[in-house]
Every structure is written in C-alpha cells, then in structure tokens.
Amino acid sequence: MNLLPPPISAPDLALLAGILGVPEGEDITAGALRLRLIRQGVSWQRLVQLANEQGILFPLIGALLRAKLLPPVPQNQSAERAAAHPTVQLNAVYQEHLARRERQKDQLAAILKSLNRHDVQPLLLKGARYLLAPAGDWCESRDMRDIDLLIHPEEAAQAMGALIADGYIADQRPVPLDQH
C-alpha cells in the first residue's frame with residue numbers, strides 16, 4: 001500500500017510555481033509564461049488538477065487572472081464548446097469562490113456585530129483578518145474553511161451566550177483532532 005501522494009512532474013511544478021510567482025504588473029515574466037502556456041503539450045487539466053490537489057486552485061486562478069495568462073475564448077465556437085473552454089470554466093469556479101468569500105464576509109460581520117453588542121472584542125486570526133482588511137489583491141484568492149477568532153478566556157461564556165442569543169447553535173460534538 002502506497003501512502004505517499006502521487007509524484008509531481010518537475011515541468012508541471014515549475015509551471016505552477018512560475019504562474020504563482022509572477023510579480024504584480026510584471027509583463028516580461030507574464031509574457032514568457034504566456035508562451036509556455038500556449039506551447040503544445042501544456043495540459044490545462046493537469047495544471048488545474050495539480051493546483052487543486054495541493055490546495056492552491058484559487059491562488060492559481062487569481063494569479064492567472066491578474067497576469068492575464070488565460071487563453072482567449074475563440075469567438076466562432078458554439079456555446080457548448082465555449083462553456084468547456086478552460087478560461088470560461090476557471091472564471092466560473094473563481095466567481096463561485098468570490099461569492100463564497102462575500103458570504104463569509106457577511107457572516108463575519110454578523111458575528112462581530114453580535115459580539116460587540118455584548119462588549120466582546122475578538123481578535124481576527126488568519127483568513128478572517130484578510131476578509132475585512134485585505135493586504136493586497138492576492139487576499140481575494142485565499143480560501144477559508146472557517147472563521148478563526150481569538151477571545152479572552154474570561155469572555156468565552158459571554159461570547160458564546162451572545163452568539164446563541166442571536167441564533168447560533170453550539171455544537172456539542174467533540175472537535176476532530178485535526179482542528180484547533
């Protein structure tokens with residue numbers, strides 16, 4: 001039984017790293033990458049699959065969009081073929097990601113409003129910080145599974161009470177060991 005992840009080919013990894021490493025506004029690097037991407041043998045499917053397996057699909061799509069590296073959709077294609085084009089599909093996935101981030105931002109604002117009404121001042125951690133105060137364009141590409149807040153231990157019961165009063169439900173199940 002092989003417990004190791006599948007091997008990553010060096011060219012695929014180099015291409016992924018190159019795309020993610022394009023400095024903002026750097027046309028020379030983007031131009032060289034554009035040539036590599038249109039070269040025969042580059043598989044969009046393999047590139048997207050690699051990014052997805054590594055948990056960096058949204059940063060990849062964000063970098064492709066910022067550097068204008070996605071190939072143009074041919075105008076003379078049928079609607080069905082155009083919908084299958086990598087640019088159309090990646091744009092759709094990214095728009096879903098951005099919509100989810102907006103829902104998370106709304107949820108975080110509601111949580112903060114509830115806590116602040118009850119005089120609890122949480123500290124925003126990790127992705128929650130970037131939802132409300134982005135540090136650059138890259139922040140919109142950051143994926144989040146949860147909202148992390150730090151609350152003083154002496155305010156924990158007050159914070160829990162505030163959230164429950166506003167309709168949140170406390171989960172009594174034990175937290176999985178891989179979470180914090």
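Select K126 and D148 to begin: their side chains meet in a salt bridge, with N and O 3.2 Å apart. This pair links distant parts of the chain, since K126 sits in the loop between β1 (123-125) and α7, while D148 belongs to strand β2, 22 residues away. Note that this is a predicted model.

D148 has 12% and counts as buried, because the cut-off for buried is under 20%.

Next, select R100 and D143. They form another salt bridge, and the closest N and O atoms are 3.3 Å apart. Which parts of the chain does this pair tie together? R100 lies in helix α6 (residues 86-117) and D143 in the loop between α7 (127-132) and β2 (148-150), so the bridge joins parts that are 43 residues apart in sequence. Colour the two residues by accessibility: R100 is partly exposed at 31%, and D143 is partly exposed at 38%.

Stay on helix α6 and select K105 and E102. Their side chains also meet in a salt bridge, at 3.7 Å from N to O. Here both partners are in the helix itself: they are 3 residues apart in α6, so about one helical turn separates them. K105 counts as partly exposed with 29% relative accessibility, and E102 is partly exposed with 41%.

As a general point, side chains of opposite charge can pair when their charged atoms come close.

For the last stop, hide the side chains and select helix α4 (residues 57-66) together with α6. At what angle do the axes of these helices cross? The answer is roughly 115°, and the axes come within 10 Å. The crossing of α4 past α6 is left-handed.

Now bring back the side chains where the helices touch. On the α4 side, select L57, F58, I61, G62, L64 and L65. On the α6 side, select L90, N91, V93, Y94 and H97, which the α4 residues meet. How many residues of this contact are nonpolar, polar and charged? The contact of α4 with α6 has 8 nonpolar residues, 3 polar ones and no charged ones.

Technical notes: Residues are numbered from 1 along each chain as its sequence is written. This is a predicted model: local features need pLDDT of at least 70, side-chain atom pairs count only at pLDDT 80 or more; totals for chains, interfaces and linings use all residues. Side-chain values use heavy atoms; hydrogens and water are left out. A salt bridge is a side-chain nitrogen of Lys or Arg within 4 Å of a carboxyl oxygen of Asp or Glu. Helices (H or I, at least four residues) and strands (E, at least two) are DSSP runs, numbered from the N terminus. Buried means under 20% relative accessible area, exposed over 50%, partly exposed in between (1.4 Å probe, protein chains only). Axes are lines fitted to C-alpha atoms, for helices over the stretch in contact, and angles run from 0 to 180 degrees between N-to-C directions. A crossing is left-handed if the near helix is turned anticlockwise from the far one by less than a right angle, and right-handed if clockwise. Contact means heavy atoms within 4.5 Å. Ala, Val, Leu, Ile, Met, Phe, Trp, Tyr, Cys and Pro count as nonpolar, Asp, Glu, Lys and Arg as charged, and the others, Gly among them, as polar.
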